[in-house]
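Let us walk through this structure step by step. Keep the model in view as you read.

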Amino acid sequence: MSTVTTADHHDEHHDHKPTGIKRWLFTTNHKDIGSMYLIFALVMFFIGGAMAMVIRLELFQPGLQFVDPQFFNQMTTVHGLIMVFGAVMPAFTGLANWMIPMMIGAPDMALPRMNNWSFWILPFAFLILLMTLFMPGGGPDFGWTFYAPLSTTYSNDTTALFVFSVHIMGISSIMGAINVIVTIVNMRAPGMTWMKMPLFVWTWLITAFLLIMVMPVLAGVVTMVLTDKYFATSFFDAAGGGDPVLFQHIFWFFGHPEVYIMILPAFGIISAIVPTFARKKLFGYASMVYATASIAILSFLVWAHHMFTTGMPVFALLFFMYTTMLIAVPTGVKVFNWVATMWRGAMTFEVPMMFALAFIVLFTIGGLSGVMLAITPADFQYHDTYFVVAHFHYVLVSGAVFSIVAAVYYWLPKWTGHMYDERLGQMHFWCSLISVNLLFFPMHFVGLAGMPRRIPDYALQFADFNAIISVGGFLFGLSQLIFVWVLIKCARGGEKAEARAWEGAEGLEWEVPSPAPYHTFDTPPEVK
Amino acid sequence: MNNESYQKYYVPDQSPWPIVGAVALFFIALGAGLFVMDMDKGESGWGGYILLLGIAILFFMLYGWFKNVIDESMTGLYSAQMDRSFKQGMSWFIVSEIMFFAALFGALFYARMIAIPWLGGASNNEMTGAILWPDFSAVWPLLTTPGGTETQAMGWGLPAINTTILVISSITLHFAHTGLEQNKRKQLTTMLLITLILGLIFLGLQGYEYVHAYRDLGLRLDSGIYGNTFFILTGFHGIHVALGAIILFFVFLRVLKGHFTPEKHFAFQAGAWYWHFVDVVWLLVFFVVYVL
């Protein structure tokens, strides 16, 4: 996409890293902060994953075997909160921190100290959230969507801690997003014009915009939950003139753009990986940019498709059905472009490419079940069944998480200076691919047959499929241990990576040595 | 872009303040949560103290962090590009604040235009109204809730005075800014001082209005959706006025110390933007909450 004239700079001369724990606590370096975000996300991925294992263990057989229903509810709730706010979002922010300054030729993020503040808020926020699980009454048990009145009238004592931990997570996200936007707008190297920016940068620019627009709305709605529960207000209580449906409107006005916050950067990653391993330029660069922007704009106009069964006038049902279906158009443009990029390319199938290919296929499956859910009368049937669970896990696990894993494999040589173990990586890929489908595909069937979500027990006829799902779940969890093994092995050593670790890779990040020096682009490169 | 704007971008060395800030937010969130929980159970616990500790650490952090930034700025480490980063960062922060208020205004809009008419039987909800609360009349302001809580409406006489005060304060702040740009320091200090005093009068009158609401009108947090939207909108607006006044107060102290030049005065600019933003939000609050 872009070539550089000052390819050999003298970064090695001032490559002095601070040492000890202070390096991590006091850092202002985008690479250190990016690493901390990524490691934090991985840890949270395993904590949230352990909760998913508890859920699958309980659902392995019908009846109540291992945990009581209230604890089961806490597991589904905290699993969702951790995976959304603790794993996927921080992982993308970590990738943004590492890659965006290198991709646009900036010396660092625009506001380096605020960058560190954004990160360090997160471990504390999740500490508070996890603490509630061990307090009298237990943690949040109303689903990650915390619908009123479950989260107000019927919630347990610790709801206040949940509210305030969400508040500081939101502060962290907003500051992180401001940093990304300002970096991209203000810190591009000379010649790095808008339409030369790598798509990962474009998608993150738009993601950051969405974050700034919707995280404050989440703050607003948790505040109203707090006052309804503890200060006798009645925003979500009809007896006082409020309405529980109001909660759902405000929550999903945040919630739907939030979904795209978790997938747009994935589009950027796939748009970086596919051209590299197809050894072709990305097909339809400009249309990718416009498609991303269209998805972002549409995301503000579709929120009530989560509430078709809640009660709305017919014109609202129709409006939200049509706007939702419209999203399939720009998304289809993207899938078409990726496939067209591979058309007649000189393809090789290293691990990042394998995960990217799996992403394209499996994300499309998740997208298609999304179109089914968008059809209002059909959604009356699917609503709150396992079909919905299958849909959003296809887009979030085999979509967002696979893209993050692909990105880690893709840029790992740049970060560590070593190639990862290809054989182990392929093993990780195939184990993940098979188990993720074993885990989520049968959920479509039990969902269509009417199995409700978020219930610790189910009717006997769902027993076989649930056993298969649980086995898939355990295998998927175990497969991720291979990933940790690959990461540790690669961090400790391995085949030396070249500056351009992948033959077909383009972009500024591949012009600097591997591992990337502690400070890159102190003086901006000239981009032609 | 020209090359001049790509002078070396100042990337600060290690700084302790972000982690101190994160610890502060930890204590604030934990303390606030525990405090609310204790209050709910009518017990007294550690929550309040943890909250105060967090706030103290936050102020310590803000002092240290801003001291660093001001020192760096005064020694000329910040290029024009750095200045743009600050300005864009502040602008996007204000955008996020706008969205916060948008959620609160949205709640008011929904309650008034949709929820209450539906409770009264509008749209296809005739039976809901008839069966649950047959005596309920859907009017705004909602002085009698479906559950039967009664209150009185807040008049708009005092808020009209407050509107005038806040609009004038925006104008005086603008003159302070032109004073700074034309290097008329006396105009700058007087106008800034007047702005601050007007802001404090506004807050005083708002406090008086709350006392009036609780004591004379029976308009409280628990008096239904009318009181809820009234307090959450005016309350969060009031908090923002207080925050804006604190920012302007520190800007004022810096002006007295001779900081800021006609060309470079980001802190002043940011404070002024924030103040104007708070002013515009008030105009909306005034019309939507009090007048309409």
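A crossing of two helices is left-handed if the near helix is turned anticlockwise from the far one by less than a right angle, and right-handed if it is turned clockwise. Keep that in mind. Note too that this is a predicted model.

Start where the two chains meet. Here 58 residues of chain B are in contact with 61 residues of chain A. Which helices of chain B each supply at least two residues of the side that touches chain A? They are α1 (17–41), α3 (80–119) and α7 (224–256). Helix α3(B) gives the most, with 21 residues. Sort that side of chain B by class, and you find 35 nonpolar, 17 polar and six charged residues.

Helix α7 of chain A, residues 244–261, packs against α3(B) at an angle of about 140 degrees. Their axes are 10 Å apart. Angles over 145 degrees count as roughly antiparallel, and the angle here makes α7(A) oblique to α3(B). The crossing of α7(A) and α3(B) is right-handed. From α7(A), the contact uses A:Leu246, A:His249 and A:Ile250. From α3(B) come B:Ala103, B:Gly106, B:Ala107, B:Tyr110, B:Ala111 and B:Ala115. By class, this contact has seven nonpolar, two polar and no charged residues.

Next, a pair within chain A. Helix α12 (residues 351–374) and helix α14 (residues 386–416) pack at an angle of about 160 degrees, with axes 8 Å apart. So α12(A) and α14(A) are roughly antiparallel to each other. Is their crossing left-handed or right-handed? It is left-handed. The contact of α12(A) with α14(A) has 20 nonpolar, eight polar and no charged residues.

Go back to chain B and check the length of α7(B). It has 33 residues. At 1.5 Å a residue, α7(B) should span 48 Å. Its end C-alpha atoms are 47 Å apart, which agrees. After α7(B) comes B:Gly258, with a positive phi near 90 degrees.

Finish with a single residue. B:Phe175 is found in helix α5 of chain B, residues 157–181. Is B:Phe175 buried, exposed or partly exposed? A buried residue needs 20 or more other C-beta atoms within 10 Å, and an exposed one has 12 or fewer. B:Phe175 has 17, so it is partly exposed. Leaving aside neighbours within four places in sequence, B:Phe175 is in contact with B:Gln187 and B:Met191. B:Thr195 lies 20 residues from B:Phe175 along the chain, and their C-alpha atoms are separated by 9.9 Å.

Terms used: Residues are numbered from 1 along each chain as its sequence is written. Chains are lettered from A and ligands numbered from 1 in the order in which they are written. This is a predicted model: local features need pLDDT of at least 70, side-chain atom pairs count only at pLDDT 80 or more; totals for chains, interfaces and linings use all residues. Two residues are in contact if their C-beta atoms, placed from the backbone, lie within 7 Å. Helices (H or I, at least four residues) and strands (E, at least two) are DSSP runs, numbered from the N terminus. Ala, Val, Leu, Ile, Met, Phe, Trp, Tyr, Cys and Pro count as nonpolar, Asp, Glu, Lys and Arg as charged, and the others, Gly among them, as polar. Axes are lines fitted to C-alpha atoms, for helices over the stretch in contact, and angles run from 0 to 180 degrees between N-to-C directions. Angles under 35 degrees count as roughly parallel, over 145 as roughly antiparallel, 65 to 115 as roughly perpendicular and the rest as oblique. The expected span of a helix is 1.5 Å times one less than its number of residues.
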